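The sequence and the model come first, and the notes follow by topic.

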Amino acid sequence: MTVHTEPLRPAGLAGHPGAGLVPTETPLYEMRNICKRYGSFTALDNMNFHIGRNEVVGLLGDNGAGKSTLVKMISGINPPTSGEIYVNGKRTEIRNRSDSEAAGIETIYQDIALVDSMSITRNIFLGRELVNRWGFMDHRRMQEVAIQILGSAVQISGIDNPDKEVGFLSGGQKQAVAIARAVHFKRNILLLDEPTSALSVRETEHLLAYVRDLKREGTSSVLVTHNLYHAFQVCDRFVVMSHGTKVFEARKEDTTIEEVTDHVIRT
Amino acid sequence: MTAAHSDPIHSQSDHIRRAVSDRAKRPLTVKVMDWVRDRPEGGIAVMFVLVQLCCIIGALLFPESFRYLLPANLSVLLKSIAVPGIMALGVGVLMVAGEYDLSVGAVYSLLSIVCANLANAMLGDIGMDPHSALAPFAAMAVALTLGVAIGLLHAFVTLRFNIPSFITTLGGMLLWKGTTLLVHGASALRFKPTEPFATLFGGGLGIIHASMIWFLAFALLFYFLLHHHRLGNHFYAVGGNRNAAVAIGINPNRTKAIAFAIAGFMAALSGVIAATRVGSIQPGGGLGMELQTIAACVIGGFALNGGRGSILGIVLGTALVFTIQDVLLLLRAPAFYFDMFVGALIVIAVVMNTAIRRGRA
Ligand SMILES: Nc1ncnc2c1ncn2[C@@H]1O[C@H](COP(=O)(O)OP(=O)(O)O)[C@@H](O)[C@H]1O
Ligand SMILES: [Mg+2]
């Protein structure tokens with residue numbers, strides 16, 4: 001087990017599973033003793049997790065470890081069975097998308113969460129349409145903003161028509177649209193659940209560079225990935241999950257890629 | 001985005017902008033061709049134009065035997081489109097939101113009878129002395145409100161217990177049909193409302209009956225609602241991918257409940273307008289209209305599992321179905337041919353749409 005230097009207190013994972021590193025300053029977001037059950041199945045078991053300021057957290061673990069469950073919980077669409085959530089140190093209920101939106105959280109979901117039968121522009125502005133005071137949409141303005149944000153974050157190959165139905169895009173293009181949407185509306189926290197699974201090498205590099213830039217601008221991120229090299233490129237801290245609990249946590253400077261790999265594989 | 005990455009951004013956005021403006025400069029013929037290929041109602045628009053052309057040419061070649069272009073026939077044709085069209089607007093909006101309403105035919109009958117009985121009870125019949133000008137309006141308001149209430153009831157049962165609306169509204173269809181027989185029986189009911197109600201809903205301009213004007217007015221209203229209003233956008237979202245809609249913060253139950261209410265409202269409205277036009281109500285008159293209107297929507301390019309469809313598709317689908325009915329009547333073909341044609345048309349329309357979509361995917 002790693003020994004942490006100050007100011008971080010030792011993790012003591014053996015004694016208190018899921019405790020891990022204790023935040024040194026008030027985190028942007030923190031969950032304590034979170035459990036999530038689907039019927040008799042426990043997807044998250046006494047999980048502690050926090051996102052600091054100007055921080056990129058790498059969330060790692062094998063398939064079925066509970067990473068997406070955790071991400072969906074932070075983004076509000078999968079409320080916990082028990083446990084507490086703190087936003088900026090204040091106890092907060094985040095039980096639906098409106099709650100997390102108020103907390104400034106944006107998510108790139110693993111299952112994309114786009115409507116195939118709608119256009120790229122409409123997907124980007126879904127639920128946040130630019131409307132006049134009677135609720136009618138301003139299509140011209142939405143298209144212009146859509147074109148602008150399609151050019152940021154990832155350089156999406158081959159999209160030249162914002163009116164195109166999302167159902168006709170390739171997997172990588174869909175992922176890029178989901179990224180563009182989250183990136184445009186992000187405020188405090190950006191959650192990225194395996195965002196690069198369908199991206200090209202160039203698009204991936206671009207996205208990772210973007211996540212680093214965001215940190216500098218004050219937006220923290222959680223990056224879920226199976227690629228430890230990507231994680232080591234951008235993350236400040238690593239959390240490894242297995243079977244709904246945290247099995248390892250360390251700051252980048254306190255660990256090595258070999259050690260993290262070892263924990264992902266072994267558990 | 002930071003300065004370090006600003007160059008490629010602009011080139012990417014400029015690339016899209018250039019492509020968009022190039023597409024805007026396509027010649028009109030190319031635009032029309034692309035529209036036909038890209039839109040779900042494109043195929044049916046072509047078919048509609050072809051059928052109309054055939055009818056017009058036929059009528060010009062054989063003016064004696066095929067009286068399609070006579071004003072009397074056009075007037076009948078427009079009337080026959082209007083009432084199912086009004087109902088189909090509500091059915092279509094609900095289908096976009098990913099749900100069905102099989103009860104609209106039964107609701108149409110029940111609420112037109114409720115409206116007529118209320119109006120007559122409040123001295124709203126033109127033959128009564130004294131009679132009330134307001135009574136039919138009040139009765140109609142009650143009927144429309146009940147339509148909304150019935151739609152919300154279907155929504156509640158469907159969404160609260162998470163069951164298919166196909167089942168809820170199939171139950172609703174039988175329930176409301178039974179209710180009609182319970183409260184009224186099987187006899188025909190007179191509905192001759194006082195002025196100005198009679199003119200407003202039963203009058204007309206030349207060969208264009210008031211019901212057609214109402215259909216077009218509501219089609220225009222629904223066009224703005226479905227294609228340009230935030231609420232319409234949410235109908236497409238919950239119908240197209242419910243989970244994505246939830247993930248993005250749309251309340252699917254609220255959105256679908258509104259769509260159910262609209263379907264109930266339009267069923268009631270079509271019932272009252274039909275009753276005013278005919279002057280009497282047959283309690284079984286709405287029978288089969290639920291399938292006719294769903295058929296019209298499907299022919300107009302609607303997806304059975306939601307998220308796809310347009311107001312133009314509803315208008316064209318309804319117009320095509322009842323043009324065919326009109327032609328068959330003109331040719332004195334037995335009534336069963338109508339069912340056979342509509343049946344074939346549904347299958348052809350879906351095959352065509354699927355083939356076009358597969359070709360593009
Ligand atoms: N809605 C659900 N109902 C029941 N079990 C679920 C549900 N969602 C996820 N699970 C289960 O929870 C576990 C964790 O899933 P997930 O968070 O998607 O894993 P990961 O993203 O780490 O691969 C899996 O075993 C999965 O089968
Ligand atoms: Mg996952």
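Does Gln110(A) count as buried, partly exposed or exposed? At 36% relative accessibility, Gln110(A) counts as partly exposed; buried means under 20% relative accessible area, exposed over 50%, and partly exposed in between, with a 1.4 Å probe and protein chains only.

This is a predicted model, in which local features need pLDDT of at least 70, side-chain atom pairs count only at pLDDT 80 or more, and totals for chains, interfaces and linings use all residues. Residues are numbered from 1 along each chain as its sequence is written, chains are lettered from A and ligands numbered from 1 in the order in which they are written, and side-chain values use heavy atoms, with hydrogens and water left out.

**Confidence**
- The average pLDDT of chain A is 86, and 91% of the residues score at least 70; pLDDT is the predictor's confidence in each residue, from 0 to 100.
- Residues 1-18 of chain A have a pLDDT below 50, and this stretch makes 34 contacts beyond near neighbours in sequence (contact means heavy atoms within 4.5 Å).
- Where pLDDT is low, the predicted coordinates should not be read in detail.

- Ser68(A) lies in helix α1 of chain A and Gln110(A) in the loop between β6 (105-108) and α3 (120-124) of chain A, 42 residues apart.
- Helices (H or I, at least four residues) and strands (E, at least two) are DSSP runs, numbered from the N terminus.

**Open sheet of chain A**
- Four strands, in the order β2-β1-β4-β5, make up an open antiparallel sheet in chain A; two strands pair if DSSP finds at least two bridges between them.
- Its edge strands are β2 (41-51) and β5 (90-91) of chain A, each of which pairs on one side only.
- Seven bridges join β1 (residues 29-38) of chain A to β2(A) in the antiparallel sense.
- Tyr29(A) has Ile51(A) in β2(A) as its bridge partner.

**Hairpin of β9(A) and β10(A)**
- Strand β9 (residues 237-242) of chain A pairs with β10(A) over six bridges, in the antiparallel sense.
- Arg237(A) stands opposite Arg251(A) in β10(A).
- Two residues lie between the strands of this hairpin, and His243(A) has a positive phi near 45°.
- Five of the seven residues of β10 (residues 245-251) of chain A are buried.
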